[in-house]
2 protein chains.
Amino acid sequence: MGVFSKTCEYALRAVFFIAHRTAEGGKVGIKEVADGIASPEYFLAKILQDLSRKGIIQSAKGPHGGFFIDDKSRKNSLSEVVKAVDGNGLFTGCGLGLEYCSEVNPCPLHNQFKDIRNQIYLMLKNTSIEQFNEDLSLGITALKK
Amino acid sequence: MGVFSKTCEYALRAVFFIAHRTAEGGKVGIKEVADGIASPEYFLAKILQDLSRKGIIQSAKGPHGGFFIDDKSRKNSLSEVVKAVDGNGLFTGCGLGLEYCSEVNPCPLHNQFKDIRNQIYLMLKNTSIEQFNEDLSLGITALKK
DNA sequence: ATATATTAATACCTTTTTATCCTTTTTATA
DNA sequence: TATAAAAAGGATAAAAAGGTATTAATATAT
Ligand code: FES
Ligand code: FES
C-alpha cells in the first residue's frame, strides 16, 4: 500500500475531478466521476457521501442532481480532504507505530521521519482543490490510467 | 494508517531490537522481542518467520535458540526490510493510486509527490539496521510506548 | 396532484489485514 | 535416549478495508 489508503486516493482524485468539472457551475453524476477517475462506482459513492456529510463536497439528489463543489469549498486545501478520510494520524503519528510521537521518547527514525511527515503535510496544506483545474483542462495532468 | 503497514512497523521495530540485543553474538527469543517492542507475540512470530525465510534475519531452533542478525545482515539498509514486508510500491507507486507513476501521464501531485517519495526511500536506503544500536543502549531512542 | 425517471444515500456482502491458538519439527543437554 | 526448549507451520477468528445491490429522495412531465 502507498502513503494514502485506497479510499483516500479515490477521494483525492474524485475531488480534483469534481472541482474541474463543476468550475463553471453545474453538477456531475457519480457514474461520470467513477468513469473519469477509474474507480469502482458504488465504492466511490460511499466515499463521496462521506465527503458530502463532512462538507468537503456538496450534493443534490434527483434529476439534474449530482455532486459539485461550491466556491468556498474549492479553496480548501488537500490536507482537509486527507484529514476527512484518513484522519490526521499521517500528519502526527510515529513512523514506527509508537503510541505517541514525541521528542522525549523518540523512536530511532524520529528525527528523519518527522521532516518527511511535515513535508507531506506542507504539500497537502499548500495545495488547494481547485489548483489543478487548468492543468487538467490542458491535459497536462491525468486522473486515471 | 501511517506511511507503513502495521506489519512493517512491527518488522522494523523488531529488527532494531534484535540487532541491538544480539550485537555481541547470542540470540533472543520471540517472547522477549514481542515484549521489547510491545507487539502481539504470535503475530510477530509470523512476521519474523517471514523475515527469516527472506534472509533479513536469522533464527535457530531448540534450547538456547532464538532470533539473531549476522554481521552481513546487520549492514543491510532499512529499505531492504520494507521491501521484504510491503514490497516496493511505496518507493515507486503513484501517490494518487494511478496504475503507473510516470512523467508522460502524471497525476496532479506527481511533481511534489515524487520528491517526497524519494526522500522516504533515501531515508531508508541510507540507514542501516545496526545504526541505532548505540542510541538504544544509551536510552536515547525507544522501541515501545 | 401523481407517476416516473433520475440520482444520491444506505444497507449489505467480500476480501484483506491483523491477531490468536494449537500442533509439529528441530535441537541442545541431562 | 529421553526431555525440554524453542522456532516453524497450519488452522481459525476478529476487525478493517474494499466493493456491490438495494432503497429513499426529488425534479419534472403529465
Ligand atoms: S517517535 Fe517515531 S516518528 Fe516520532
Ligand atoms: S503519477 Fe502520481 S505520483 Fe507520479
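So, the surface near DNA strand C: its residues split into ten nonpolar, nine polar and six charged. Keep in mind that this is a predicted model.

What part of the DNA does the protein meet?

Let's go through some phosphate contacts. Ser59(A) has a side-chain N or O atom 2.8 Å from a phosphate oxygen of DNA strand C. On the other chain, Thr7(B) also uses a side-chain N or O atom, at 2.9 Å from a phosphate oxygen. With Ile30(A) it's a backbone N or O atom, and the distance there is 3.4 Å. As for the elements giving two or more residues to this surface, chain A has helix H3 (41-53) plus strands E1 (58-60) and E2 (66-68), while chain B has helices H1 (6-21) and H3 (41-53).

Okay, on to the protein–protein side. Chain B puts 38 residues in contact with 38 of chain A. About 3300 Å² is buried between them, with carbon and sulfur atoms giving 65% of that. Leu96(B), Pro108(B) and Met123(B) supply 18% of what chain B buries against chain A, more than any other three residues.

How many salt bridges cross this interface? Zero, by the rule used. There are seven residue pairs in polar contact, though. On the side of chain B that touches chain A, H6(B) gives the largest share, seven residues. And that side divides into 25 nonpolar, eight polar and five charged residues.

How values were computed: Residues are numbered from 1 along each chain as its sequence is written. Chains are lettered from A and ligands numbered from 1 in the order in which they are written. This is a predicted model: local features need pLDDT of at least 70, side-chain atom pairs count only at pLDDT 80 or more; totals for chains, interfaces and linings use all residues. Side-chain values use heavy atoms; hydrogens and water are left out. A polar contact is a pair of N or O atoms within 3.5 Å; within protein, one must be able to donate a hydrogen and the other to accept it, and residues adjacent in sequence count only if both atoms are side-chain atoms. Helices (H or I, at least four residues) and strands (E, at least two) are DSSP runs, numbered from the N terminus. Ala, Val, Leu, Ile, Met, Phe, Trp, Tyr, Cys and Pro count as nonpolar, Asp, Glu, Lys and Arg as charged, and the others, Gly among them, as polar. Contact means heavy atoms within 4.5 Å. Buried area is the accessible area (1.4 Å probe) that two parts lose on being put together, summed over both. A salt bridge is a side-chain nitrogen of Lys or Arg within 4 Å of a carboxyl oxygen of Asp or Glu.
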